[in-house]
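The sequence and the structure come before the description.

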Amino acid sequence: MRLIQPLIVCAALLALGPAVDAKTRAECERDYKPQVGQAGKDVIWVPTPDELVNKMLTMAKVTPRDFVVDLGAGDGKIAIAAGKHFGATALGIEYNPDMAKLAQCLVQAEGVGSKVKIIQGDIFKEDFSKATVVTMYLLPELNLCVRHRLLAMKPGTRVASHSFAMGEWEPDEPFEADSRIAYLWIVPARVGGSWSLRDSSGSMDFTVSLSQSFQKIGGEISMAGRKQPLIGASLQGENIRFSFIDAKGVTQHFAGVVHGTKMSGMLRATGITDLNVTGNAQGALASPWAEMASGCGRFYGK
Ligand SMILES: C[S@@+](CC[C@H](N)C(=O)[O-])C[C@H]1O[C@@H](n2cnc3c(N)ncnc32)[C@H](O)[C@@H]1O
């Protein structure tokens, strides 16, 4: 019994891990107290207010399955909130080494060291391609210069930006909190080009030609030698929808998903049995909208 008790205490301390040595927030800030507005590599430090942090993560529908990356993490508050209040795994990338150290100290102080990490690094050099949610409070030019990397991420990845937009890539949703504005984008699948689709019986067999600029799509359908414009075509991440009028004058509604060069979904029309439709891309269009914006080479040493 005399031996067992210290063993239990030791095991409990080990289970607590690094939190045993964690400083309090006040101790972290005693070591380094940043000043709002202080210079950063490409943008100054100004923290996002708590209410907007919460709104950004809520709008991005962050869950414990997400990996959130905050570009230019400052004191780490977005990454910490993602771990602490949304249960996500999170990474903050901060260039200023003192700030990154403070943020990592605050991660431990807030007890989220097992889920959240802050690294010292440059957002133009670090790889954040595995994130499922990207947050940022940068500048319009910096947003434009990470845009091509965001557009190369998995379709459906959510991007939330405080204050600043993303050039011609219109947000899927603007939102406000604490009298500030933020934006949400959902990375669109690449769908521009020609798609050949049919149901298993072959009763529906058609080609869809899609034009694309970011999440905006349009095009036409060729069926039984007739061409019809698509009606109400939309794309959200990998989810695609469009309607068209078929050769019999019936309005058909397609809702499906795109995975790389494969598309599948359901064709619905009033009074007709739903049809499962699948198909493949026949040829992809160039995607100039997804390329690096002009003038951004300097951030990448080009
Ligand atoms: C406006 S603050 C936003 C901080 C935090 N994301 C928030 O919303 O509270 C921008 C931060 O980006 C950092 N920063 C500036 N250029 C950077 C770069 N190239 N790579 C990483 N961090 C950078 C600054 O030091 C600053 O802490």
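In what order do the strands of the open sheet of 9 strands stand?

## Basis of the description

The model is predicted, so local features are given only at pLDDT of at least 70 and side-chain atom pairs only at pLDDT 80 or more, while totals for chains, interfaces and linings use all residues. Residues are numbered from 1 along each chain as its sequence is written, and side-chain values use heavy atoms, with hydrogens and water left out.

## The sheet of nine strands

The order is S11-S10-S9-S8-S16-S15-S14-S13-S12, and the pairing in this open sheet is antiparallel. Strands (E, at least two residues) and helices (H or I, at least four residues) are DSSP runs numbered from the N terminus, and two strands pair if DSSP finds at least two bridges between them. S11 and S12 are the edge strands; each has a single partner strand, so one side of each lacks a neighbour in the sheet. On average, neighbouring strands here are turned by 25 degrees against each other, direction ignored. Axes are lines fitted to C-alpha atoms, for helices over the stretch in contact, and angles between N-to-C directions run from 0 to 180 degrees.

Strand S12 (residues 231–236) joins S13 in the antiparallel sense over 4 bridges, and leucine 235 has isoleucine 240 of S13 as its bridge partner. The hairpin of S12 and S13 has 2 residues between the strands, and glycine 237 takes a positive phi near 65 degrees there. Strand S14 (residues 251–259) and strand S15 (residues 262–269) are also antiparallel, with 7 bridges; valine 258 stands opposite methionine 263 in S15.

## The sheet of seven strands

A further open sheet has 7 strands in the order S3-S2-S1-S4-S5-S7-S6, with mixed pairing. Strand S3 (116–120) and strand S6 (173–177) stand at its edges with a single partner strand each, so one side of each is left without a neighbour in the sheet.

Glutamate 173 has leucine 184 in S7 as its bridge partner. Helix H5 (residues 97–109) lies across S2 and S3 and runs at about 170 degrees to S3.

## Packing of H3 and H4

The axes of helix H3 (residues 50–59) and H4 come within 10 Å and cross at roughly 60 degrees. The crossing is right-handed, a term used where the near helix is turned clockwise from the far one, whereas anticlockwise by less than a right angle is left-handed.

In contact (heavy atoms within 4.5 Å), Asp50, Val53, Asn54, Met56, Leu57 and Thr58 of H3 meet Lys77, Ile78, Ala81, Ala82 and Phe86 of H4. By class, this contact has 7 nonpolar, 2 polar and 2 charged residues. Ala, Val, Leu, Ile, Met, Phe, Trp, Tyr, Cys and Pro count as nonpolar, Asp, Glu, Lys and Arg as charged, and the others, Gly among them, as polar.

The largest pocket holds about 450 Å³ of space. It is lined by 32 residues, of which Val43, Ile44, Gly72, Glu94 and Tyr137 are the closest to its centre. Helix H4 (77–86) and strand S2 (89–94) each supply at least two lining residues, and the lining divides into 18 nonpolar, 7 polar and 7 charged residues. On a 1 Å grid over the protein atoms alone, a pocket is an open set of points with protein on both sides within 12 Å along at least five of seven lines, a cavity is a set where a 1.4 Å probe fits but cannot get out, and lining residues have an atom within 4 Å of a point. Grid points are joined across faces, edges and corners, and a volume is the space filled by probe spheres set on the points.

The second largest pocket has a volume of about 260 Å³. Among its 13 lining residues, Ser203, Met204, Asp246, Lys248 and Gln252 are the closest to its centre. Strand S16 (residues 272–284) gives the largest share of this lining, 3 residues.

## Cavity

The whole structure contains 1 cavity of 30 Å³ or more. The volume of the largest cavity is about 40 Å³, and its lining consists of Ile221, Met223, Arg226, Lys227, Gln228, Phe244, Ile245, Asp246 and Ala247. S11 gives the most to this lining, with 3 residues. By class, the lining has 5 nonpolar, 1 polar and 3 charged residues.
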